[in-house]
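The exercises below ask you to read a structure step by step. Try each task before turning to its solution.

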Amino acid sequence: MPSPTLPTRWEPVAHAILRIVSGLIFLEHGTQKFLGFPGGDRAGSGLSLDNMSAYAGAIEIAAGLLIALGLFTRPAAFVASGTMAVAYWTVHAPQNFFPVNNGGDAAVLYCFVFLYLVFAGPGPWSLDAARSKNVTPPVADD
């Protein structure tokens with residue numbers, strides 16, 4: 001049997017890196033809104049719970065953490081993908097047709113990376129994979 005090709009052998013590593021880095025950067029958007037870290041234009045914008053930024057920040061923190069850990073990855077990625085679609089169409093698209101001009105290129109990219117994770121799953125380097133390996137089959141009673 002031939003050995004796997006380089007791209008095939010490294011696919012789980014690339015999958016894990018994509019999931020972890022995407023989740024951590026998404027989490028960072030939420031911490032900026034709620035914790036003011038890192039500082040910037042959006043720092044503290046989620047502290048008032050009467051705006052959409054607060055809801056987006058809460059989703060970014062929760063989903064970002066879950067995606068980075070690979071825990072409940074598919075539902076977290078589904079919510080995160082939808083959040084980014086809403087963010088793009090309500091905040092960015094009205095400003096300009098082109099994502100590079102309306103500042104929505106990150107939202108589009110997040111939307112599709114998270115949509116990919118909905119279908120591809122968390123990969124083998126995740127808490128979801130570890131949980132599924134630890135499930136013991138039921139024992140029949142005699």
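**Exercise 1.** Find how much space lies in the largest pocket, and work out which elements give two or more residues to its lining.

*Solution.* The largest pocket holds about 560 Å³ of space. A pocket here is an open set of points on a 1 Å grid over the protein atoms alone, where a 1.4 Å probe fits, with protein on both sides within 12 Å along at least five of seven lines, and lining residues have an atom within 4 Å of a point. Of the 22 lining residues, K33, A56, E60, M84 and A87 are the closest to the centre of the pocket. The elements giving two or more residues to the lining are α1 (6-35), α2 (52-69), α3 (73-92) and α5 (105-120), and α3 gives the most, with seven residues. Sorted by class, the lining has twelve nonpolar, seven polar and three charged residues.

Before going on, note that this is a predicted model, in which local features need pLDDT of at least 70 and side-chain atom pairs count only at pLDDT 80 or more, while totals for chains, interfaces and linings use all residues. Residues are numbered from 1 along each chain as its sequence is written, and side-chain values use heavy atoms, with hydrogens and water left out.

**Exercise 2.** Determine which residues of the largest nonpolar core touch the most other members, and which element provides the largest share of this core.

*Solution.* A nonpolar core is a set of buried Ala, Val, Leu, Ile, Met, Phe, Trp, Tyr and Cys residues joined through side-chain atoms within 4.5 Å. The largest one has 15 residues, of which F26, A63, I67, A77, A80, M84 and F114 touch the most other members. Two or more residues come from each of α2, α3 and α5, and the largest share, seven residues, is that of α5. Taking A77 as an example, and leaving aside its neighbours within four places in sequence, we find it in contact (heavy atoms within 4.5 Å) with I67, F114, L117 and V118.

**Exercise 3.** Decide whether D128 is buried or exposed, and trace what its side chain meets.

*Solution.* D128 is found in helix α6 (residues 127-133). With a relative accessible area of 15%, D128 is buried, where buried means under 20%, exposed over 50% and partly exposed in between (1.4 Å probe, protein chains only). Its side chain makes a polar contact, at 2.9 Å, with the side chain of T73; such a contact is a pair of N or O atoms within 3.5 Å, one able to donate a hydrogen and the other to accept it. Not counting residues up to four places away in sequence, D128 touches G70, L71, F72, T73 and P122. One of these, F72, lies in the loop between α2 and α3, has a positive phi of about 50° although it is not a glycine, and is partly exposed at 44% relative accessible area.

Notes
Grid points are joined across faces, edges and corners, and a volume is the space filled by probe spheres set on the points. Helices (H or I, at least four residues) and strands (E, at least two) are DSSP runs, numbered from the N terminus. Ala, Val, Leu, Ile, Met, Phe, Trp, Tyr, Cys and Pro count as nonpolar, Asp, Glu, Lys and Arg as charged, and the others, Gly among them, as polar.
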